[in-house]
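The sequence and structure come first.

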Amino acid sequence: MKQTAIPFMQLRGGSSKGVYFLASDLPSTELSRNQVLLDVIGRDTRQIDGLGGGDPLTSKVAIVSQSKLVDADIDFLFVQIVVGENRVDTTPNCGNLLAGVGAFAIEAQLITATHPQTRVAVNMLNTNKRCELILDTPDGEINYEGNQKIDGVSGSSAPIICNYLDVAGSVCGSLFPTGNLKDQVEGITVTCVDNGMPVVVIRAEDLGISGYERPKDLNTNEALKEKLERIRLAISPKMNISNAKNKAVPKMCIISPAKQGGIINTRTFIPHHCHAAIGVLGAVSIATACISKGSVAQTYVTQNVSSNQPISVEHPSGEFAVNLDFNDYGDKLEVKGAGVIRTARLLSKGTLFVPNNSNQ
């Protein structure tokens, strides 16, 4: 029996890699679509029978279409294939894969590139928030080559400016979804923040670790991972996140004092696997915690940060710079937007194949 053929592209977006589709090339029903995507990426831990790489950072899908909204050019749905669990999660967004959406839209002829730059207004369907991408398109053609480097990716590429507009409370409904700057969970003080990505911030010393351990060492620390999961499941309802056991949010971020001139050092679990770097919107939320007086991050922050000033968040592969547009009213923090620089590269395009029973 012949397999089902589906057009696709694969792009590196930021420090992740994903398979990109036109929405019109996938089944219209959510159940059938998800079964197809599981076969595309792979259903088991190693994802041998799919295009995934057995890692959360390479088990991602972007679904793109033209938007009908007046303030958006493109609709983007992010789908995380949960490695080894044979299921998908569309609760979170992904700022890394978002960085490749503009390039995909141009390659797929959803939009027409302009000289010397192209602005793409993206409606992020996971959160119903907006992001403006600014791409380098000399002579109306997408350019992937340049001098922009991002930690966690070798070499350099053309910069992609990502301006997130009003993403506070994207998933949980408010910037500090528990209503507190600090909460006690399992005997540990945490800060819960959602500035595009729900994150639970925890000091490394409160977990009995340094916070500078290698990701692979943290991934084998079962006692630590079990404690993090207990905290995650206990605090999630207070963050307006139900059934967190089956979701990739909230992410768990362990912080410690910066060592390389940044504002904070991080080790992020997404949510059970330690990230080799840090997610885009995760970094935005962590930076937000760092400028919030009274958060657990304030213990380690020694820098004074002004609005629209680069904030360097350190991670296992280097650092991630975030610009926050904010007003600090003393008793209230208002975050109006966030800007980051990412890169992307087209890796392949063509036709992939899934079993005919994928969309049953």
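## E186 and R230

E186 has a relative accessible area of 43% and is therefore partly exposed (buried means under 20% relative accessible area, exposed over 50%, and partly exposed in between, with a 1.4 Å probe and protein chains only). Its partner in a salt bridge is R230, with the closest N and O atoms 3.5 Å apart (a salt bridge is a side-chain nitrogen of Lys or Arg within 4 Å of a carboxyl oxygen of Asp or Glu). E186 sits in the loop between β9 (183-185) and β10 (188-194) and R230 in helix α5 (residues 222-235), so the pair ties together parts 44 residues apart in sequence (helices are DSSP runs of H or I with at least four residues, strands are runs of E with at least two, and both are numbered from the N terminus). R230 is also partly exposed, at 41% relative accessibility.

The model is predicted: local features need pLDDT of at least 70, side-chain atom pairs count only at pLDDT 80 or more, and totals for chains, interfaces and linings use all residues. Residues are numbered from 1 along each chain as its sequence is written, and side-chain values use heavy atoms, with hydrogens and water left out.

## Other salt bridges

Side chains of opposite charge can pair when their charged atoms come close. The count of salt bridges comes to twelve. One of them joins E107 and K349, at 3.1 Å from N to O. This pair links distant parts of the chain, with E107 in helix α3 (residues 101-107) and K349 in strand β17 (residues 344-354), 242 residues apart. E107 is partly exposed at 22% relative accessible area, and K349 is partly exposed at 46%.

D39 and R43 form another salt bridge, at 3.0 Å from N to O. D39 counts as buried because its relative accessibility is 15%. R43, at 28% relative accessibility, counts as partly exposed.

## A buried lysine without a salt bridge

Which side chain of opposite charge is nearest to K60? It is D55, 7.7 Å away, and K60 is buried yet has no salt bridge (Lys and Arg count as positive, Asp and Glu as negative, and His and the chain ends are not counted). K60 lies in strand β3 (residues 60-66).

The side chain of K60 does make a polar contact with the side chain of S16, at 2.9 Å (a polar contact is a pair of N or O atoms within 3.5 Å; within protein, one must be able to donate a hydrogen and the other to accept it, and residues adjacent in sequence count only if both atoms are side-chain atoms). Leaving aside neighbours within four places in sequence, K60 is in contact with S16, K17, G18, V19, I41, F78, V79, Q80, C94 and L97 (contact means heavy atoms within 4.5 Å).

On a 1 Å grid over the protein atoms alone, a cavity is a set of points where a 1.4 Å probe fits but cannot get out, a pocket is an open set with protein on both sides within 12 Å along at least five of seven lines, and lining residues have an atom within 4 Å of a point. The largest cavity has a volume of about 210 Å³, and there are two cavities of 30 Å³ or more (grid points are joined across faces, edges and corners, and a volume is the space filled by probe spheres set on the points). The largest share of the lining of the largest cavity, three residues, comes from α6.

The largest pocket holds about 280 Å³ of space. It is lined by 15 residues, and P56, V82, V83, H272 and H273 are the closest to its centre. Strand β4 (residues 74-82) gives the largest share of this lining, three residues.

## Backbone exceptions

Most residues other than glycine have a negative phi, and most peptide bonds are trans. The peptide bond from H115 to P116 is cis, with omega near -5 degrees, and P116 is in the loop between α3 and β6 (117-124). A cis peptide bond also joins I270 and P271, with omega about -15 degrees. P271 is in the loop between β13 (264-269) and α6 (280-290).

N243 has a positive phi, near 55 degrees, and is found in the loop between α5 and β12 (251-256). For N308, phi is positive and near 65 degrees; N308 is in the loop between α6 and β14 (310-315). N243 is partly exposed at 48% relative accessible area, and N308 is partly exposed at 46%.
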